[in-house]
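The questions below examine selected local features and contacts. Please consult the sequence and the three-dimensional view alongside them.

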Amino acid sequence: MSPRRCALAIACATAALLITVAARAAAPPLSVAEGVFVLRSNLEPARQPDGNSVFFAGERGVVIVDTGRHAEHTQALLEFAAARGQSIALVINTHWHLDHMGGNAMLREHVPGLKIVASDAVAPALAGWLASSRRDMQALLDGGRADPATRAMIKIDIGLIDAGPRLLPDVTLSAPRTPVDGAGRPLVVGLAREAVTNADLWVFDAASRVIAAGDLVTLPVPFLDTACAAGWRAALAELDTAVPFETLIPGHGAPMSHTDFATWRDAFGALLDCAAGASPASICADGWVAALGPLLPADEQGRARAMLDYYLAEHLRAPPAQRDRFCPATGGNAATGESGIGIAQSIFME
């Protein structure tokens, strides 16, 4: 499976397996702490996922961390804010994958003057990686090689990429830590370089000790499509030791305690170590499942193993030039590299 042909903008292995996942009923935002809520995405057959969206309620409005991909998800953000009688004062995007910033365009239509904060990597990603992905997706449509469900997914992502200027942030962050006024709720936004992408933000709320970590933490597996594994490991170490959070909201999956996060971090390190050795891929996947224990529900374990088979072959055990192409030592950059995050070609190509 060539990453060149994985065109839609979210993890190849995730989307490839969505066609086998039963649809889940929509759930309202979950209260995580006082004034903190998370809207989790549904996993549905033949449908790209949305990332988790986090609400921090301030005195003058609500801050939303990540805006999803699909209109239904973004509409739920609007409705939840309205039900609370609060305006959306600020959006923070943790990174440039479309399942985390695709809803920006729709929110701008409904919230005049909305301010969006993101890293300095978003504009280069739109001009580089996502533009390349769009060309690949259009070629698939033009070539007639995609089934109807895949064509529908492709058209959604093309539409989001074409909304380019409406996805861009008003404020870009490049410092390791930045204090942000969250509509009267003080927040700290941290930045990790060369981790899941070339620039990932996390958002910490000292009042609740909740951190919105974006895709620095994901379940059922880490999404490695645009990642520098070594940089990611370093970013996790900083979160674990330098940020006094009690609850972590991942980019995908259920909220977890700091102890749960430490378990996830240890499992991530063990996965990288196993991948660097000679053990069969099945042993590495089994180790991931065993290390996570109850963090990974039984009905997610098969999917996790299948996704790790893909990531081990296409990323962690790929030739060095491919494996390390997003690490600074190789000159890689997820914003300008060839397209590749998205739906696996096995769905629509021979």
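**Backbone, salt bridges and helix packing**

Q: Where is the place of proline 220?
A: This is a predicted model, with residues numbered from 1 along each chain as its sequence is written. Local features need pLDDT of at least 70, side-chain atom pairs count only at pLDDT 80 or more, totals for chains, interfaces and linings use all residues, and side-chain values use heavy atoms, leaving out hydrogens and water. Helices (H or I, at least four residues) and strands (E, at least two) are DSSP runs numbered from the N terminus. On that basis, proline 220 belongs to the loop between strand 11 (210-218) and helix 9.

Q: What is omega for the peptide bond that joins leucine 219 and proline 220?
A: Most residues other than glycine have a negative phi, and most peptide bonds are trans. Leucine 219 and proline 220 are joined by a cis peptide bond. Its omega is about 15°.

Q: Where is arginine 209, which has a positive phi although it is not a glycine?
A: Phi at arginine 209 is positive, about 60°. Its relative accessible area is 34%, so arginine 209 is partly exposed (buried means under 20% relative accessible area, exposed over 50%, partly exposed in between, with a 1.4 Å probe and protein chains only). Arginine 209 is found in the loop between strand 10 and strand 11.

Q: What is the phi of glutamate 194?
A: Glutamate 194 is placed in the loop between strand 9 (185-193) and strand 10 (199-205). Although this residue is not a glycine, its phi is positive, at about 50°.

Q: How many salt bridges does a search of the whole structure find?
A: Side chains of opposite charge can pair when their charged atoms come close. A salt bridge is a side-chain nitrogen of Lys or Arg within 4 Å of a carboxyl oxygen of Asp or Glu. Across the whole structure, the number of salt bridges found is 14.

Q: How many residues apart in sequence are the parts that arginine 69 and aspartate 157 tie together?
A: Arginine 69 and aspartate 157 form a salt bridge whose closest N and O atoms are 2.8 Å apart. Arginine 69 lies in the loop between strand 4 (61-65) and helix 2 (71-83), whereas aspartate 157 lies in helix 7 (residues 148-162), so the separation in sequence of the parts tied together is 88 residues.

Q: With which residue does arginine 134 meet in a salt bridge?
A: Arginine 134 is partly exposed, at a relative accessible area of 24%, and the N to O distance of its salt bridge is 2.6 Å. Arginine 134 lies in helix 6 (residues 129-143) and its partner in helix 7, so the pair ties together parts 28 residues apart in sequence. That partner is aspartate 162.

Q: Are helix 9 and helix 10 roughly parallel or roughly antiparallel to each other?
A: The axes of helix 9 and helix 10 (residues 258-276) come within 11 Å and cross at roughly 155°; axes are lines fitted to C-alpha atoms, for helices over the stretch in contact, and angles run from 0 to 180 degrees between N-to-C directions. Angles under 35 degrees count as roughly parallel, over 145 as roughly antiparallel, 65 to 115 as roughly perpendicular and the rest as oblique. Helix 9 and helix 10 are therefore roughly antiparallel.
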